[in-house]
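Welcome, and thanks for taking a look at this protein. Please open the sequence and the 3D view side by side before reading on.

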Amino acid sequence: MLATITSAFALCLVAEFIFIPIQADQAFDKDEKTLKIGTVDDFLPCSDYINQTHEGMAIDIWRRIGERLKLKYEISSIPSFDEAVSLAAIGKFDVIASCHEVTPERLELVQYAVPYTSGGIVIVSRQNQRPVFDLIVKIFRNKIVVRCSLLLLLVTAVTAYTSKYFRSSKATRKSKARRFTRAWTFLILNDGIDTVIGPKILDNIAVLISSLSHMLLMSAIIGTTVTIVFEENIAKATKELGNKELESMLKEGIAVLGESSTASWLNNRIAITGIYSEPDLEPITVKTKAEMLDLLRGRSADKPHHFVANITTYSTKLKEAGLEKEFAISYQSPRKTPQSFIFGSNLDDGLKQLINIEIAKMNRNGLTEQLEKDWLN
């Protein structure tokens with residue numbers, strides 16, 4: 001009897017491990033229902049509706065899932081990301097196949113699939129048309145550069161005035177001015193100092209102090225200048241965006257796509273800074289990518305100098321507008337946010353599991369990464 005009970009228990013365990021995947025696969029009757037798949041179009045490389053068909057990285061991933069699971073489905077376009085979330089929350093769509101960022105606000109409404117890519121906030125700004133001139137102005141406005149330069153001129157001037165080379169001269173005032181200028185130049189350039197050094201120890205000490213000061217001050221000036229030059233070509237983190245910088249961007253014009261995570265981020269950022277809501281301090285909100293491209297090209301009344309976008313799609317916008325050389329990233333979020341499909345509220349849990357398994361397989365074998373590279377290029 002003990003042997004019989006043990007055998008029966010073992011068979012139950014084996015049956016459980018064997019049939020659980022089968023039950024998950026059969027939880028959704030694939031021949032009974034056609035899935036309604038929604039996608040936010042006009043957002044390559046993620047998704048778009050081109051030549052009477054849906055294309056993009058997210059669409060390619062979904063089609064592979066549908067092929068492997070032998071699903072019946074139909075794809076429909078949705079105008080905005082926020083609307084797609086709302087429609088999935090009430091069960092109008094079974095899956096939203098787009099690059100939806102996983103945000104706390106959206107997680108309160110819908111359930112996400114396994115992430116397959118990542119995005120992040122970027123502020124893209126129009127490039128300066130006078131880069132060299134403005135860079136020089138920026139350098140000479142820097143407090144460290146200005147103070148160290150003035151201090152260097154003062155120290156070398158005092159040393160030149162008290163030097164034996166200048167004091168021992170009994171020539172005319174014009175000749176003494178030339179000798180002073182010559183000694184001052186030697187000390188500033190830190191070259192030809194032997195001409196300035198006199199026979200007394202005090203003269204040597206004064207020149208030595210001047211040389212050490214020259215070395216320290218020039219190091220500070222050069223180091224600060226190099227930092228300013230390199231920072232011109234490096235995007236700052238979004239957390240470094242201060243109130244004055246944001247206010248300046250709003251006055252110059254900053255565009256954003258409405259009903260998106262980027263619009264939510266910008267509005268929250270404005271609210272946190274405490275910038276008052278005024279007509280000239282409000283972002284320019286557009287409804288479609290076409291409106292955004294018209295803005296950037298200057299085809300509308302407004303011509304913003306900046307726009308907020310997702311790092312996944314901003315380069316495609318600039319490429320389509322032919323403005324790749326006119327804009328560059330000025331601020332970028334240091335951490336990337338996961339992006340994923342969204343499950344509709346009525347989708348079967350067993351099918352959710354199967355879809356997640358397929359996405360995880362594609363992530364592991366590098367297919368999702370390769371698809372993203374193909375669409376970005």
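The report below starts with the whole protein and then visits a few places in turn.

## The protein as a whole

This is a predicted model, so please read each value as computed from that prediction. The protein has 15 helices and 14 strands. Of its 377 residues, 41% count as buried.

Contacts across the sequence are well represented: among those with a separation of 6 or more, 76% come from residues 24 or more positions apart.

Let us begin with Gln 339, which belongs to strand 14, running over residues 337–343. Its relative accessible area is 1%, which means that Gln 339 counts as buried, the cut-off being under 20%.

What does the side chain of Gln 339 meet in a polar contact? The partner is the side chain of Asn 310, at 3.4 Å. Setting aside neighbours within four places in sequence, Gln 339 also has contacts that include Cys 99, His 100 and Glu 101, the residues Pro 115, Tyr 116, Thr 117, Ser 118 and Gly 119, and Thr 312.

## Helix 14 from end to end

Helix 14 covers residues 349–364, 16 residues in total. From first C-alpha to last it reaches 22 Å, close to the 22 Å expected at 1.5 Å a residue. At its start, a side-chain oxygen of Asp 348 comes to within 2.7 Å of the backbone nitrogen of Gly 350. Just after the helix, Gly 366 adopts a positive phi of about 85°.

The buried residues of helix 14 are Gly 350, Leu 351, Lys 352, Leu 354, Ile 355, Asn 356, Glu 358, Ile 359 and Met 362. One of them, Glu 358, has a relative accessible area of 7%, and its side chain meets that of Lys 361 in a salt bridge (3.8 Å, N to O). Lys 361 is partly exposed, at 40%. Why is about one helical turn what separates Glu 358 and Lys 361? Because the two are three residues apart in helix 14. Salt bridges with shared partners bring Arg 68 into one network with Glu 358 and Lys 361.

## Two further salt bridges

The structure holds nine salt bridges. One of them joins the side chains of Asp 94 and Lys 33 (3.1 Å, N to O). This pair links distant parts of the chain, 61 residues apart: Asp 94 sits in the loop between helix 3 (81–89) and strand 5 (95–101), while Lys 33 sits in the loop between helix 1 (2–26) and strand 1 (35–40). Asp 94 is buried, with a relative accessible area of 4%, whereas Lys 33 is partly exposed at 33%.

Another salt bridge, between the side chains of Lys 251 and Glu 247, spans 3.7 Å, N to O. Lys 251 and Glu 247 are four residues apart in helix 10 (residues 243–252), so about one helical turn separates them. Lys 251 is exposed, with a relative accessible area of 54%, and Glu 247 is partly exposed at 29%.

## A nonpolar patch on the surface

Which residues form a nonpolar patch on the surface? They are Ile 201, Leu 202, Ile 205 and Ile 209, which together have about 430 Å² of accessible area. Ile 205 lies in helix 9 (residues 201–231). With a relative accessible area of 39%, Ile 205 is partly exposed.

Conventions:
Residues numbered from 1 in each chain as written. Predicted model: local features only at pLDDT ≥ 70, side-chain atom pairs only at ≥ 80, totals over all residues. Heavy atoms only, no water. Buried < 20%, exposed > 50% of the residue type's maximum accessible area, 1.4 Å probe, protein only. Polar contact = N/O pair within 3.5 Å; in protein donor to acceptor, adjacent residues only side chain to side chain. Contact = heavy atoms within 4.5 Å. Expected span 1.5 Å × (residues − 1). Patch = residues over 30% accessible without salt bridge, like charges linked within 9 Å, V, L, I, M, F, W, Y side chains within 5 Å. Areas by Shrake-Rupley, 256 points an atom, 1.4 Å probe, with all protein chains shown as cover. Salt bridge = Lys/Arg side-chain N within 4 Å of Asp/Glu carboxyl O.
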